[in-house]
Amino acid sequence: MPLTAQERTALKSLPKRVQRSIDGALEGVVHDLRKLHHWVDNSTDVEANMALLPIFYTHLDPTVIPDQPLPTDEIQKVIVLAKLSLMSIVQICASLRGVLNESLADKMITDALVRRWNTLFPWLQFMYRHFLPFPPRKDPQKGLDMCDVDAVFITTRTLSQMAVSVAGQHLIQTNISVHQFIAKLWLYIGKLKDEDLLRHDASFRHGGKEGVEDEMTGHVRRIMVGIITTCMGALPAPFALPTLHNLLDAMGGYEPFVGSALRYIRWFGRKIGDTKNHRTANYGFVTAMLGFVDALSISIRFLSLVSIMDATCQEELILHGAPSNVVTALLQSWPVLAGTRVSSSTETSAAERCTMILEDAFDYIDVILRQSEACIPALCQVLHAGFIQLVLQAGFRCPQMASSFLKLIPRFLMYHKVLHHFQKAMDQSADSMTRLGPHAKKDDEVQQSWILVQQAARQIFNICRKTSPLPFYEQKCANSECPYDNNERPRYRCCGCFVARYCSRSCQRTDWKSRHRTACPVLHSAGGFDGSKYIRGSLPLIMLVETFNYSLYADRIQEAMEQARKDYPEDIDYLVLETDLSVYPVTFSARPVQQYADRFDPRFDPVMLKELKGLPGKHILMALKLKAGREACVVFSPRVGLTLAFQWPAAREEEAVLSSVQEALVSRLAVGPGNVIKTGDGFKVVEYKQAPLTHPTPSLTHPANSLTHPTNSHIPVYRLREDSNIRIVPPPTFAR
């Protein structure tokens with residue numbers, strides 16, 4: 001493309017030593033074009049650099065792109081001229097930032113890149129297609145002055161400069177071809193090793209200064225994290241979803257996408273943690289470390305974004321260990337960030353990034369715990385990775401978010417797996433200061449929330465010490481007359497309730513005739529219609545927690561029933577007491593049974609269970625609201641189903657709950673001679689008598705009432721085995 005008269009006039013104003021190379025560069029002399037590239041690389045004269053742009057565009061004609069990079073002189077010359085031209089254009093755009101004001105720099109980058117995109121993009125695609133194979137080549141292609149590192153440098157930096165301008169962001173967010181290109185490049189760079197980017201003496205090799213190599217290897221990954229976030233970051237969720245699906249299609253589905261995202265997070269966390277091994281804290285590696293922290297924060301923010309937009313992607317991330325990877329990266333980063341002491345400015349920057357990365361992590365964990373169907377395994381991963389320790393020691397930087405996370409935990413403590421991991425977290429919290437270093441601080445709000453959570457957990461641990469709330473029905477045949485050894489795991493399971501197991505079809509038929517015909521729909525309603533394996537595997541523990549709350553909060557239940565009688569005077573004899581365990585603290589409400597018609601198994605009539613009612617009063621059924629997925633689910637009280645199917649609980653479990661209630665009353669109320677435990681209809685409940693006004697109720701935070709130090713430090717750890725070789729069989733089909 002020939003130069004215009006205005007462009008030639010601008011070139012004549014350049015220094016003489018530059019003008020001597022212009023004619024040769026226009027004619028395609030590689031040596032002269034390389035001189036102009038070096039001049040641009042070292043020049044700070046924005047006007048002179050912009051005047052050279054037309055020369056570089058002349059060597060980027062898409063019509064001369066070769067089909068194959070053959071090692072001939074003509075093809076090699078075309079490729080080298082395009083390589084130098086692209087690198088020069090990108091360098092000119094990069095030099096505008098910080099020199100010109102934001103609006104003028106945006107306009108000039110738009111003119112240089114966005115409006116020339118139809119010229120530049122075919123060359124980027126050519127370089128990716130022919131110079132970025134996987135695994136990378138150890139040596140450049142014979143006869144070609146271009147390697148994979150050069151191709152990575154050109155493609156990533158071009159997209160990075162594009163994302164600076166408003167028009168460039170719009171192009172990245174709306175162009176499907178660009179989405180596909182970014183997805184493939186992001187996937188490719190995520191698989192690279194550090195030595196792949198430092199193998200050649202190219203633009204990533206700089207003089208051997210400490211910290212510079214780490215900065216160069218991380219620079220490309222930081223660029224790609226920023227670019228792929230730009231694809232969706234500024235768009236509302238409904239408009240960003242097609243963009244996400246374009247990325248997923250280009251990568252080959254959810255699994256490659258999720259794997260690559262987690263590789264980036266693990267890499268940044270590992271590199272930040274490795275910087276503490278440097279003997280001297282110089283500016284080079286501190287700059288690299290802060291850049292890694294920015295990229296890690298953006299990566300976590302990206303996980304939150306895709307988790308909100310796509311439920312399947314959210315669950316795949318949890319399945320592949322995203323919560324655990326995020327917490328591990330934070331634990332690697334926190335001691336390094338907190339211990340950065342090079343200068344007052346770097347210390348301030350490190351503190352700001354500490355707060356930023358913690359807030360992003362809390363946002364992601366809050367999303368998966370509140371909006372995910374896999375919230376229970378997500379919480380187990382977070383607890384197992386040691387997030388409690390980080391919350392207690394680093395929560396002072398964002399105390400409200402830290403307290404909010406802690407208050408979510410009691411909603412899940414009625415599940416065995418969560419209780420098991422939380423017990424370990426409590427045991428490890430004592431030495432967390434040693435692990436995280438001397439830069440931790442305690443926040444009063446966070447510590448207060450932690451005390452309340454511990455109290456809620458220790459009440460459940462206290463019950464577990466006195467009885468066994470394990471799912472006994474998974475280890476024995478449900479047929480009470482089974483003639484075989486019940487110690488072996490039964491191989492058959494009823495597909496009506498998914499709870500009762502049998503060693504043979506004969507045992508299933510016998511049990512169906514004797515009692516399971518009635519118990520099956522009740523157990524199905526207790527396990528939830530969605531068939532949550534976490535609810536089914538924790539029915540005894542849920543029942544004990546339910547009983548504990550009924551006995552401990554009898555006064556609140558009475559208030560809820562009195563309010564229901566006022567609200568529903570015509571349905572006094574058909575009320576359902578609902579205990580909401582999906583919130584903390586627990587709440588109670590009562591509504592007519594007609595409102596639960598679609599919540600329970602339609603195979604049974606609630607009226608026939610009137611003789612199995614729980615608390616004394618006019619209500620006939622009890623329900624629980626549990627947090628086991630994206631939405632809280634309402635289930636029928638497990639007590640009735642376990643009683644019908646297995647004659648459980650026994651007297652031992654009842655006494656364990658009542659004993660735990662008596663101990664819990666020490667913290668809740670001033671228990672005196674007037675507060676006694678009395679026997680009700682089916683339950684034993686606490687009858688409260690108001691203490692005199694001269695005896696105030698002790699505070700939960702008072703040292704005498706805190707349960708920080710348990711009376712018995714040995715708490716059994718419960719582990720559940722996954723189902724194996726389980727055959728699902730339907731109930732017998734003979735007449736009922």
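In this predicted model, H524 touches G496, C497, F529, D601 and R603, leaving out residues up to four places away in sequence; contact means heavy atoms within 4.5 Å. H524 is placed in helix α25 (residues 505-527). Helices (H or I, at least four residues) and strands (E, at least two) are DSSP runs, numbered from the N terminus. The relative accessibility of H524 is 18%, so the residue counts as buried. The classes are buried (under 20% relative accessible area), exposed (over 50%) and partly exposed in between, with a 1.4 Å probe and protein chains only. S525 is also found in helix α25. With 1% relative accessibility, S525 counts as buried. S525 and C497 are separated by 28 residues in sequence, and their C-alpha atoms are 8.0 Å apart in space.

Residues are numbered from 1 along each chain as its sequence is written, and side-chain values use heavy atoms, with hydrogens and water left out. Local features need pLDDT of at least 70, side-chain atom pairs count only at pLDDT 80 or more, and totals for chains, interfaces and linings use all residues.

The protein chain contains 30 helices and nine strands. Of its 736 residues, 54% count as buried. Among contacts between residues at least 6 apart in sequence, 76% join residues at least 24 apart. The accessible surface is about 32500 Å², and carbon and sulfur atoms hold 51% of that area. Areas come from the Shrake-Rupley method with a 1.4 Å probe; for residues, only the protein chains shown count as cover.

The largest nonpolar core has 219 residues. Such a core is a set of buried Ala, Val, Leu, Ile, Met, Phe, Trp, Tyr and Cys residues joined through side-chain atoms within 4.5 Å. F405, Y415 and F646 have the most contacts inside this core. Its largest share, 13 residues, comes from helix α15 (residues 283-309). Beyond four places in sequence, F646 is in contact with F472, Y473, A478, V499, A500, R515 and L523. A second, separate core has ten residues, among them V576, L621, A623 and F636. In soluble globular proteins, nonpolar side chains tend to be buried together.

Aromatic pairs number 25. Rings of Phe, Tyr and Trp (its six-membered ring) pair if their centres lie within 6.5 Å; planes under 30 degrees apart count as stacked, over 60 as edge-to-face and the rest as tilted. The W117 and F121 ring centres are 5.0 Å apart and their planes lie at 20°, so this pair is stacked. Both residues lie in helix α7 (residues 117-131), four residues apart, about one turn of the helix. W117 and F121 are both buried. F472 and Y473 form an edge-to-face pair, at 5.3 Å centre to centre and 70° between the planes. Y473 is buried, at 2% relative accessible area. Ring pairs also link W117, F121, Y128 and F181 into a cluster.

The criterion is NZ of Lys or CZ of Arg within 6 Å of the ring centre and within 35 degrees of the ring normal. The charged end of K191 sits over the ring of F134, 5.5 Å from its centre. R491 lies over the face of Y492, 5.7 Å from the ring centre.

Mean pLDDT (the predictor's confidence in each residue, from 0 to 100) is 81 for the protein chain, and 79% of residues reach 70 or more. Over residues 200-213, pLDDT stays under 50, and the model has 31 contacts beyond four places in sequence for this stretch. Over residues 670-728, pLDDT also stays under 50, with 117 such contacts in the model.
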